[in-house]
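Welcome! Let us take a walk through this protein together, one region at a time. Have the view open as you read.

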Amino acid sequence: MLDKTFDPKTAEPRLYEAWEKSGGFAPTDDPNAEPFSIVIPPPNVTGSLHIGHALNNTLQDVLIRFERMRGKAALWLPGTDHAGIATQMVVERQLALSGNLSRRDLGRDDFVAKVWEWKAQSGGTIVNQLKRLGASCDWSRERFTLDEGLSAAVRKVFVKLHKEKLIYRDKRLVNWDPHFQTAISDLEVEQREVDGHYWHFAYPLEDGSGEIVVATTRPETMLADTAVAVHPSDERYKAVVGKAVRLPIVGRPIPIIADEYPDPEKGSGAVKITPAHDFNDFMVGKRHNLPVINIFDDFARINDNAPPEYRGLDRFEARKKVVEAFEALGLLREIEKTRHTVPHGDRSGVVVEPYLTDQWYVAADVLAKPAIKAVEEGDTVFVPKNWEKTYFEWMRNIQPWCVSRQLWWGHRIPAWYGPDGKAFVEETEAEAQKKADEHYGRPAPLKQDEDVLDTWFSSGLWPFSTLGWPEKTGDLARFYPTNTLITGFDIIFFWVARMMMQGIHFTGEVPFKRVFINALVRDAEGKKMSKSKGNVMDPLELVDEYGADALRFTLTAMSGQARDIKLSRQRIEGYRNFGTKLWNATRFCQMNGCARAEGFDPAAVRAPLNRWIVGETQRTAAAVTEALADCGFADAAEGLYRFIWNQFCDWYVELAKPLLSGADAAAKAETQATAAWVLDVILKLLHPVMPFITEELWEKTADLGAPRPQGGFLMTAAWPDLPAALIDPAADAEVALIVETITEGRSVRQGLNVPPSAQPPLLVVEASAEQRRVLEASAALVQRLLRVAEVRFVDAAPAGSIPYVVAGATLALPVADFIDIAAERTRLTKEVAALTADIDRTAKKLANPDFVGRAPEEVVEENRERLAEAGAAKAKLEEALTRLGGAAGA
RNA sequence: GGACGUGUAGCUCAGCGGGAGAGCACCUCGUUGACAUCGAGGGGGUCACAGGUUCAAUCCCUGUCACGUCCA
């Protein structure tokens with residue numbers, strides 16, 4: 001006998017261990033099984049599971065469990081990402097907290113050793129958390145982006161792209177993060193709107209004939225100005241173009257140039273040009289061959305290119321000082337408040353500087369073309385489809401991708417420099433040396449590039465590098481391209497797009513056929529959760545409190561498309577209760593001898609109740625299967641919830657009670673077998689979403705009745721595939737009549753406050769022969785569930801009885817003695833009024849020749865029926881009202 | 001400034017051309033042998049606003065307003 005409730009705390013770890021030991025997480029070896037593969041979006045190796053991971057991984061697990069049960073060779077390949085900048089940041093912070101040693105003090109090798117230490121210490125955390133969630137990943141294939149195999153793939157890709165001239169070194173402005181002292185890509189820059197000022201500075205003309213006013217939000221950059229620009233059509237400045245101004249503070253003469261860039265409508269129409277510290281100005285400088293003067297060091301402090309009194313100052317200190325100097329010089333014309341966007345590093349949170357450096361770039365525009373085409377042609381589809389727009393938008397406007405980072409934790413760039421700075425890009429140092437020696441005609445000393453690659457460079461290879469590429473492995477042949485990628489929209493650019501570009505370029509095939517974009521879990525204020533913001537929620541706490549199944553079901557049910565998810569504890573609690581409900585229904589079945597029968601054939605059951613539930617089971621199985629096959633996770637959860645609770649528990653179990661305790665041995669046996677069969681199907685259908693409780697129930701009911709066809713774990717049981725022929729409309733109608741008779745009758749009773757203890761008869765006043773037969777046959781049920789003494793067939797409703805109408809039949813409850821007549825009169829009057837309104841509307845509609853002429857025949861027919869039914873019901877209720885009036889008067 | 005998305009019951013959300021649904025919350029009743037992590041019943045919504053298309057609009061189109069996210 002089952003306990004009263006399921007205990008997830010003890011059962012979940014036990015079941016997970018049993019699954020893992022069984023080897024059931026690995027894809028089947030059966031060569032005939034269709035492969036189905038998912039690669040996990042690799043979480044940061046030193047991270048911990050937040051609620052977004054929980055959602056994302058729950059959905060992947062639902063899908064992989066579903067496909068595994070459908071008999072596919074289902075592979076969910078797990079692993080973690082070294083997460084260059086994020087991990088380095090964590091370790092640096094730890095160093096600062098403990099020893100005060102900066103990474104520079106420590107030196108590269110020792111620092112990297114420290115990171116590996118930290119990885120060893122905390123790297124298992126997230127994996128264990130995924131296990132708590134029930135994730136059925138094939139851990140034997142677990143990968144890490146810095147594994148030797150994956151690192152070899154990274155080198156091969158880099159070298160090949162270099163040889164194809166799709167990776168090149170270039171000196172240009174990058175987004176420079178002064179906190180980490182590294183370049184970052186455009187995507188890692190966050191534009192934040194902040195309050196700021198326009199400072200209007202006057203630059204005196206060198207010939208003393210006047211001044212020109214420029215406005216800037218960044219006064220300190222004036223130290224690096226090399227021109228002032230005006231629009232060529234701007235009449236105000238026609239005369240001064242070609243002249244020079246003398247740059248205040250610095251004293252350098254700089255030219256006034258004409259360029260399309262300045263907007264004459266804005267400010268004075270003249271702008272200062274600082275090619276070294278502004279992306280737009282850099283372009284202007286290129287067009288006019290302006291000198292590029294850099295005044296910052298790697299920390300964004302002022303360097304020696306500025307006047308001595310500014311050197312060494314932090315950029316914000318320098319800003320103050322420049323403004324003060326202008327004021328002192330009498331050249332500060334105005335300070336205007338403004339709100340403008342300022343670029344910040346998404347990890348460091350500090351203001352990013354455009355900074356002139358040598359970096360490695362990927363010619364993303366070339367790689368993007370086939371990646372765009374693949375989505376256009378449907379080789380890869382996005383679900384929901386509108387995310388394709390986002391993908392196209394970015395891919396069609398893609399910029400060169402800066403892939404070098406001035407960090408220490410990551411894949412070191414496979415480039416070696418000769419004495420004259422020439423780069424030799426090869427997969428190994430030996431190969432580079434060989435090439436260098438050939439080039440120089442003598443042994444030459446080489447020095448490897450100090451930089452590492454952007455983390456996304458290696459994660460972009462994830463779908464194939466994890467399967468063994470560039471080796472031609474069996475896994476690669478079998479599981480690539482992967483079937484479905486499930487991820488958040490926040491990394492469509494960072495990750496999905498890069499995988500598409502690199503996957504197609506290196507394997508000739510798309511990396512996945514389908515991309516399911518799941519919603520983003522946000523915090524209470526609707527803000528994106530991130531570790532750097534510190535607003536993460538702990539799903540493990542929720543697992544502890546409610547069990548993994550409850551959290552999983554909640555996330556699945558709320559995973560509707562393109563929405564933010566705000567998690568509520570009440571909701572999780574509700575789904576925990578749902579699990580308990582199923583648990584207790586099983587318990588009931590167990591107590592009533594429900595056991596699988598040898599050779600049970602659901603199509604052959606005879607009792608209408610059993611025929612009905614068999615049909616409903618088929619409908620549910622079909623709906624859930626279709627939903628899961630199309631990533632309709634929420635629909636699947638919804639359908640399961642309704643079927644299990646509102647149909648199986650609320651009605652089937654209740655209606656089956658008389659059969660299970662009745663004298664008809666054949667009906668009893670059939671019901672026991674049917675219930676066991678339905679439960680088996682339920683456990684299978686629910687397993688992908690709630691794997692633990694279903695597996696436990698599967699195990700606990702294993703010894704009841706005939707052995708299950710495939711024995712073993714529910715996790716690897718065959719998914720139900722039921723024929724639609726199991727649906728029997730006659731049985732459906734029969735059960736519907738009984739259910740409505742009870743529901744409507746209860747409504748009458750409770751609406752009139754008939755005491756629960758009162759047991760009037762149920763009078764069947766008017767009914768078809770078939771309805772009479774059904775009601776007679778189900779009299780015991782109706783008695784029990786409607787709490788009536790008997791079901792009696794009469795010719796007319798006696799005075800003081802309360803009628804109600806179900807499917808055209810008139811039923812009545814003689815409860816006048818128990819009720820408040822005035823209240824009943826009110827109730828009937830209200831109902832008659834509602835029916836009258838409905839009749840009026842419907843009649844009006846049917847009187848409209850346009851409606852009758854144009855609407856589909858079935859809609860017109862439906863309305864005719866509605867009108868007839870409402871008319872009949874109204875007549876019956878009015879009659880009752882009349883009778884009641886007499887009774888009340890008496 | 002551009003793109004996308006969202007406004008439906010007190011809350012969280014389904015539905016998306018033929019008289020609006022669920023869960024939670026709320027009110028009333030109920031321990032009848034699976035389940036109080038429960039059962040029964042009930043109240044509660046001019047489906048953001050304004051136009052248009054249609055026999056018919058919560059649903060489609062246009063505009064407005066509000067909120068959110070992404071990209072400049």
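Two rings of Phe, Tyr or Trp, taking the six-membered ring of Trp, count as a pair if their centres lie within 6.5 Å. With that in hand, look for F553, Y575, F578, Y641 and W645, which ring pairs link into a cluster. Please keep in mind that this is a predicted model. By the same rule, the count of aromatic pairs comes to 34.

W387 belongs to helix α11 (residues 387-395), while F489 is in the loop between β22 (482-488) and α16 (492-507), so the pair ties together parts 102 residues apart in sequence. W387 is buried, with a relative accessible area of 16%, whereas F489 is partly exposed at 22%. The line between those two words is drawn at 20%.

The charged end of K119 sits over the ring of F144, 4.4 Å from the ring centre. In another such arrangement, the charged end of K321 sits over the ring of Y310, at 5.5 Å from its centre.

Now let us go inside. In soluble globular proteins, nonpolar side chains tend to be buried together. Here the largest nonpolar core has 193 residues, and those with the most contacts inside it are Y391, M395, F457, L551, F648 and L655. Which helix gives the most to this core? That is helix α21 (residues 633-661), with 14 residues. A second, separate core has 38 residues, among them L205, L247, I302 and F326. Returning to F648, leave aside residues up to four places away in sequence: F648 then touches A585, C589, I613, F643, V653, V678, L679 and I682.

Is T556 buried or exposed? T556 is buried, with a relative accessible area of 0%. Not counting residues up to four places away in sequence, T556 touches T58, L59, V62, F633, A634, A637 and V689. The C-alpha atoms of T556 and V689 are separated by 7.3 Å, although the two residues are 133 residues apart along the chain.

Next, follow a helix from end to end. Helix α7 (residues 148-163) has 16 residues, which at 1.5 Å a residue should span 22 Å; the end C-alpha atoms are 22 Å apart, so the two values agree. Within α7, the buried residues include L150, A153, V154, V157 and L161. An α-helix has 3.6 residues a turn, so residues three or four places apart point the same way. After α7 comes K165, with a positive phi near 65 degrees.

The strands are next. Strand β7 (residues 189-204) runs antiparallel to β8, and six bridges join them. A202 has V213 in β8 as its bridge partner. The two strands form a hairpin with six residues between them, and G208 in the turn has a positive phi of about 75 degrees. In a regular strand the side chains alternate between the two faces of the sheet. Strand β8 (residues 211-216) has I212, V214 and T216 on a covered face and E211, V213 and A215 on an uncovered one.

Strand β11 (residues 253-258) pairs in both senses. With strand β9 (residues 227-230), β11 runs parallel, joined by three bridges, and V228 stands opposite I256. With strand β10 (residues 244-246), β11 pairs in the antiparallel sense over three bridges, where A244 has P255 as its bridge partner. β10 and β11 form a hairpin with six residues between them, and I249 in the turn has a positive phi of about 70 degrees.

Our last stop is an open sheet of three strands, in the order β19-β18-β20, with antiparallel pairing. β19 (423-425) and β20 (447-448) stand at the edges with a single partner strand each, so one side of each is left without a neighbour in the sheet. Three bridges join strand β18 (residues 415-417) to β19, and the bridge partner of A415 in β19 is V425.

Key:
Residues numbered from 1 in each chain as written. Chains lettered and ligands numbered in written order. Predicted model: local features only at pLDDT ≥ 70, side-chain atom pairs only at ≥ 80, totals over all residues. Heavy atoms only, no water. Buried < 20%, exposed > 50% of the residue type's maximum accessible area, 1.4 Å probe, protein only. Contact = heavy atoms within 4.5 Å. Core = buried A, V, L, I, M, F, W, Y, C linked by side-chain atoms within 4.5 Å. Helix = DSSP H or I, 4+ residues; strand = E, 2+ residues; numbered from the N terminus. Phe/Tyr/Trp six-rings, centres within 6.5 Å; stacked < 30°, edge-to-face > 60°. Lys NZ or Arg CZ within 6 Å of the ring centre and 35° of its normal. Expected span 1.5 Å × (residues − 1). Pairing = 2+ DSSP bridges.
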